[in-house]
Amino acid sequence: MKKLAIVILIAFVAFVQQVNAQAKMEFVAETVDYGDIEKGSDGLRVFEFTNVGNSDLIISDAKGSCGCTVPLWPRNPIAPGERGEIEVVFDSKGKSGRQNKTVTLVANTIPNTMTLAIKGDVLVP
């Protein structure tokens, strides 16, 4: 009986440590405002973040809200305290006026999804 209690205690402590080991993204800014942009201009912007958790951060997916918004994210784990970048390319060709787009990230965080916002006004020549 004493051995069973010790095994249960060890399992409980391991479980608590596992729950407490979490990755967490903290962004410099969660919204990028392009402001006024010329149709067809360079639409590359960067979201900078730090893993402020105590476990490696793994971003498993990133999707734009449309085909005109393409995210590029780090494929390797980001260690606690390390910084990373998510590049987003917005293609303004065929667009005009106010634009509001999003990028949804899936990672080993709680919650496991996060949404970044992109906005701006595409000027018509």
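Author: Happy to! Let's begin with D121, which is partly exposed, its relative accessible area being 24%. Keep in mind that this is a predicted model. The side chain of D121 joins that of R98 in a salt bridge, with 3.1 Å from N to O. D121 belongs to strand β8 (residues 113-123) and R98 to strand β7 (residues 97-107), so this pair ties together parts that are 23 residues apart in sequence.

Now for strand β3 and strand β6. Here the side chains of E48 and R83 form a salt bridge, at 3.0 Å from N to O. E48 sits in strand β3 (residues 44-51) and R83 in strand β6 (residues 83-90), so the two residues link parts that lie 35 residues apart in sequence.

The remaining pair to visit is D61 with K63, a salt bridge whose closest N and O atoms are 3.7 Å apart. That still counts, because the cut-off is within 4 Å. K63 is exposed, at 52% relative accessibility; the limit for that label is over 50%. D61, on the other hand, is partly exposed, with a relative accessible area of 25%.

Taken together, the count comes to three salt bridges by this rule.

Terms used:
Residues numbered from 1 in each chain as written. Predicted model: local features only at pLDDT ≥ 70, side-chain atom pairs only at ≥ 80, totals over all residues. Heavy atoms only, no water. Helix = DSSP H or I, 4+ residues; strand = E, 2+ residues; numbered from the N terminus. Buried < 20%, exposed > 50% of the residue type's maximum accessible area, 1.4 Å probe, protein only.
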